[in-house]
Amino acid sequence: MSRQANHIPDPPAERYVDPYLAGVLLGVLLFVANYVTGHGLGASGGMSRLTAIAVDSIAPSHVDHNGFFAGLARPWRSALNHWILWTLVGAVFGAAVSGALAGRFRPQIYRGPRVSIPTRLAAALAGGALMGYGAEWGRGCTSGQALSGGAVLSVGSWLFMFAVFAGGYSLAYFVRRLWR
Amino acid sequence: MGPLDLAKYGGWGVAVSSLAIGFAFGFILERAGFGDARKLSAQFYLKDQSVIKVMFTAIVVAMTLIFWTSGIGVLDFDRVWVNPTYLWPGLVGGILLGMGFIIGGYCPGTSVVAASTLKLDGFVFFLGCLLGIFLFGETVSYFYAFWENAGFLGRLTIPERLGLSDGVVVLGVIVFAIVVFSGVELIEAWMNRTDHRNAATAGAAVTTAAAPRRSSLPRLAAGLLTAGIGLLVVSQVVPNPALERARSRAEALIASRERHVECAELLSLIQNNQIVLNLIDVRDEADWNLFHLADAKRKPLGEIDPAWIKKLPADSIKVVMSNDEQAANHAAETLIAHGARNVYILEGGINRWIAVYGKGEIEPIAASAGADSLRYRFAAALGSHYAAADPDPWNTPIPKFTPKVKFEKPVVKISGGCGG
């Protein structure tokens, strides 16, 4: 019963924008991005750069011996001055402003009704790690590969997208305690 | 014509535009409810399929706009980044990513949105992503060859793969999307109907996200179908303006005769082993059988299409030839208009070549010059077995010539995508 009590109820649907409308807006944005910059959107690419730069500042000699990190982190200044990091910074502000306008800018932990906070956070960390690992394998995430590549009809991006849904649905039943 | 040249504004052009695009990206995702792991994960339990609706709508809308603008020559699709296809690593990555999604509740972009609105689970997920990327960097050396090569197909679009026109594929994807959306709504309605009933019997408030709401799918579907059919019609009747412009530029370039190389220059190119040379002979098979240059490849005029041109190596020098120049000029124009680089024409064609290197081995016949037909009589259809087809590099002096070939480097592709 106590678990029920501190569970945050599902948000009422009308507080979020109609999904098709959000999709149209996102699609127009994706087109504008392609028209202005010649490429789509992205998120995990920024994270790879942040990771590589973090490793470089902690253990530069390690980066010297790792082609993957060296390719991303060096030279130091140019590694930070990449469009995807600007996009990431913009997204942080955009999300914060939207959240603030809708009264959603407040500390919370989103979780299913039957899961404890430590378990939820452990799952978030593990899921994130799997996601980060997979995004590097797939050379992109839902934004940079599925969304952006899908819009320009890249063969690989479409197969990637189907694989994402296959991966999610195949595991959903086994982790249902996290969400349902 | 897009994409815009941001480089001319210095580093700030990229920074400001990316910042603004990122802002809108984060804003829209948050509005859609994508900063909420419960809403995102609900996709995989079929009750609230907003993820597929938002993502797929965005893909289809952006695709329609991109191919419409390319079709009417407002956007240069060749300069738009298309994620290269790495088949097998992509499938491995996609499956891992989907598993991470259902365990952690976010994807990289949405975890940024969640963290930015102070959701601790989103922030922890974000840190998890960094950890995963770190682990990838530590382990990639064990499977590097597979990751880099397995099923690599380069820049490949679905229309190219299927051999269909862009308009047909765009309309097909639109129809597919509408079918998916309709199916998804039926599933949602069914899942939530049982939910409402349970809630009613338990006397509790209905808490599922997908409260009944009038769907905007019919309007979206109508709009997309109109745009898709419109594109198909437009691509049939309106010649691609970008291609028309490129064609008239190519025509002017050829008329300037800057791309016509003398026989002597071609011979020096043939003897230069440091360059990759594509000798493209556009004559008919009978003439080709009688005589052609060693290492030339025959490609009749009618078979020179965009798909073939795309497959030509970017870093080779292409020399097109016909009996005189007419057909070669025409072929070179098509090649240049479709973006082939380093395209040249053999001045005077095969007739001039034989006049210079035939050495009495091949006899001339009387025929009017310039008719683009062979003016020599051949003892037999020996093809490239005549000495003139491959002049002896040691004993054929190359007279002085004005070099015209300037090697143009392939364009550096705009980098993009998530992979960094």
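**The interface of chains A and B**

Author: In this predicted model, 38 residue pairs, both at pLDDT 80 or more, are in polar contact across the interface of chain A and chain B. A polar contact is a pair of N or O atoms within 3.5 Å; within protein, one must be able to donate a hydrogen and the other to accept it, and residues adjacent in sequence count only if both atoms are side-chain atoms.

Reader: By class, what residues are on the side of chain A that touches chain B?

Author: That side of chain A has 75 nonpolar, 40 polar and 12 charged residues. Ala, Val, Leu, Ile, Met, Phe, Trp, Tyr, Cys and Pro count as nonpolar, Asp, Glu, Lys and Arg as charged, and the others, Gly among them, as polar.

Reader: How many salt bridges are there between chain A and chain B?

Author: The count is 3 salt bridges, each a side-chain nitrogen of Lys or Arg within 4 Å of a carboxyl oxygen of Asp or Glu. One of them joins A:Arg139 to B:Glu148, with the closest N and O atoms 3.2 Å apart.

Reader: How many residues are in contact?

Author: Chain A has 127 residues in contact (heavy atoms within 4.5 Å) with 142 residues of chain B.

Reader: New topic: which domains does chain B have?

Author: An automatic or database domain assignment divides chain B into domain 1 (6-202 + 214-239) and domain 2 (243-389). Their centres, taken over C-alpha atoms, are 46 Å apart.

Conventions:
Residues numbered from 1 in each chain as written. Chains lettered and ligands numbered in written order. Predicted model: local features only at pLDDT ≥ 70, side-chain atom pairs only at ≥ 80, totals over all residues. Heavy atoms only, no water.
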